[in-house]
Amino acid sequence: MSEFKINRIIRKNVKGLKPYSSARDEYISDGTQMVFLDANENPFDNGVNRYPDPQQRSLKVVLAQQKGVSADNLLLGNGSDEVLDLIFRAFCEPYKDNIITMPPTYGMYKVLSGINAVENREVLLTKGFELDVDGILQIVDANSKVLFICSPNNPTGNNFDEKSITKLLNEFSGLVVIDEAYIDFAANESWLKRLGEFPNLIITQTLSKAYGMAGIRLGLCFASKEIIAVLNKIKPPYNVNQLTQERALSQILKSDLIKLEIVEILEQKSALLKVLSEIDFIERIYPSDANFVLVKVDNANRRYRQLLDRGLVVRNRTNQPLCENTLRFTIGTKSENLKLISALKELV
Ligand SMILES: *Cc1c(COP(=O)(O)O)cnc(C)c1O
């Protein structure tokens with residue numbers, strides 16, 4: 001397979017594009033007190049009357065340091081969903097290019113392929129929920145631009161082995177996106193440590209799961225400076241609002257608290273797993289590296305409704321490929337998990 005060249009995969013219109021230059025891009029404060037009469041804002045200070053920093057510099061400094069990357073390897077978005085959409089719009093030509101996904105997996109890749117009119121080629125995971133590396137490499141053609149690998153995978157919960165992913169990174173000449181939304185719960189390390197090795201690697205993470213900030217919408221994208229520069233050209237100038245930048249910064253500085261919460265969630269997961277194995281209509285519990293577990297039950301639709309009747313909302317995944325009669329349980333607080341357990345026991 002041919003070597004990765006960024007110029008081969010950028011969309012033609014994006015190559016020639018000059019980004020919109022906002023007022024806050026043109027003048028960058030060096031700390032001097034200035035009078036801002038450039039952006040038609042209301043001058044009366046209420047904390048949010050000014051446009052936010054389009055490059056989120058203060059937030060990126062801390063994130064880059066915590067993640068051990070340089071700030072120009074990092075792009076922030078309105079959730080990882082925006083980051084994923086930017087990847088489509090920067091690299092995939094509508095009605096011509098294709099992406100490759102491996103169901104059962106996160107549903108947004110397919111939704112975004114539909115929105116962007118980009119063919120989604122699906123290669124199912126194996127029955128053991130592993131990557132079918134040969135199947136993936138066989139389906140690739142010259143218009144295959146992006147491969148989406150979700151690891152740990154949603155909804156199955158497992159992460160994929162390093163060897164399979166390394167082979168795909170080496171042999172696929174498009175971009176490989178590793179979606180690490182659940183990496184903070186996993187025993188294995190993030191691919192961030194190997195970012196420099198692969199010019200075609202993009203890693204996405206989010207503040208929505210382990211960091212406890214789904215409500216503020218902040219997604220993280222790590223890649224080579226060249227890839228980040230392309231994405232920066234097409235992102236909306238003020239895609240991460242002021243309140244999000246402020247709350248994200250104060251939360252990520254509480255790294256000890258976040259670590260404690262992760263430990264607590266993982267302890268709760270072990271406790272829940274023990275009880276689940278004693279419920280007789282649960283036929284299978286799939287290994288999980290995330291903050292949720294996928295289980296196979298006798299009749300997912302029926303069990304889902306019975307749990308709803310008892311005030312518990314879980315995710316019914318029975319219509320996903322390879323997931324017949326499965327339910328996905330997010331790990332809650334101790335008292336929430338006890339409610340799930342007592343409801344499940346009632347159903348036996
Ligand atoms: C929850 C989740 C996300 C998070 O998306 P945000 O837009 O950042 O909230 C991303 N990828 C996967 C696989 C997820 O499950």
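Tutor: We'll go through the sheet, a helix and some rings.

Tutor: This is a predicted model, so local features need pLDDT of at least 70 and side-chain atom pairs count only at pLDDT 80 or more, while totals for chains, interfaces and linings use all residues. Residues are numbered from 1 along each chain as its sequence is written, and side-chain values use heavy atoms, with hydrogens and water left out.

Student: Okay, what's the strand order in the open sheet?
Tutor: The order is β1-β7-β6-β5-β4-β2-β3, 7 strands with mixed pairing. Strands are DSSP runs of E with at least two residues, helices are runs of H or I with at least four, and both are numbered from the N terminus. Two strands pair if DSSP finds at least two bridges between them.

Student: Which strands stand at the edges?
Tutor: β1 (74-77) and β3 (119-122). Each has a single partner strand, so one side of each has no neighbour in the sheet.

Student: And in which sense do β5 and β6 pair?
Tutor: Parallel, over 4 bridges, with β5 at residues 175-179 and β6 at residues 201-206.

Student: New topic: is α5 mostly covered or mostly uncovered?
Tutor: Mostly covered: 11 of its 13 residues are buried, where buried means under 20% relative accessible area, exposed means over 50% and partly exposed is in between (1.4 Å probe, protein chains only). Among the buried ones are G79, E82, D85 and F88.

Student: Now rings. How many aromatic pairs are there?
Tutor: The count comes to 8. Rings of Phe, Tyr and Trp (its six-membered ring) pair if their centres lie within 6.5 Å; planes under 30 degrees apart are stacked, over 60 edge-to-face, and the rest tilted. Y51 and Y238 make a stacked pair, 4.5 Å centre to centre with 20° between the planes. Those two tyrosines are 187 residues apart and link distant parts of the chain.

Student: Which residues form an aromatic cluster?
Tutor: F88, Y106, Y109 and F148 form one.

Student: Which ring does the charged end of R303 sit over?
Tutor: The ring of F281, 3.8 Å from its centre. To qualify, NZ of Lys or CZ of Arg must be within 6 Å of the ring centre and within 35 degrees of the ring normal.
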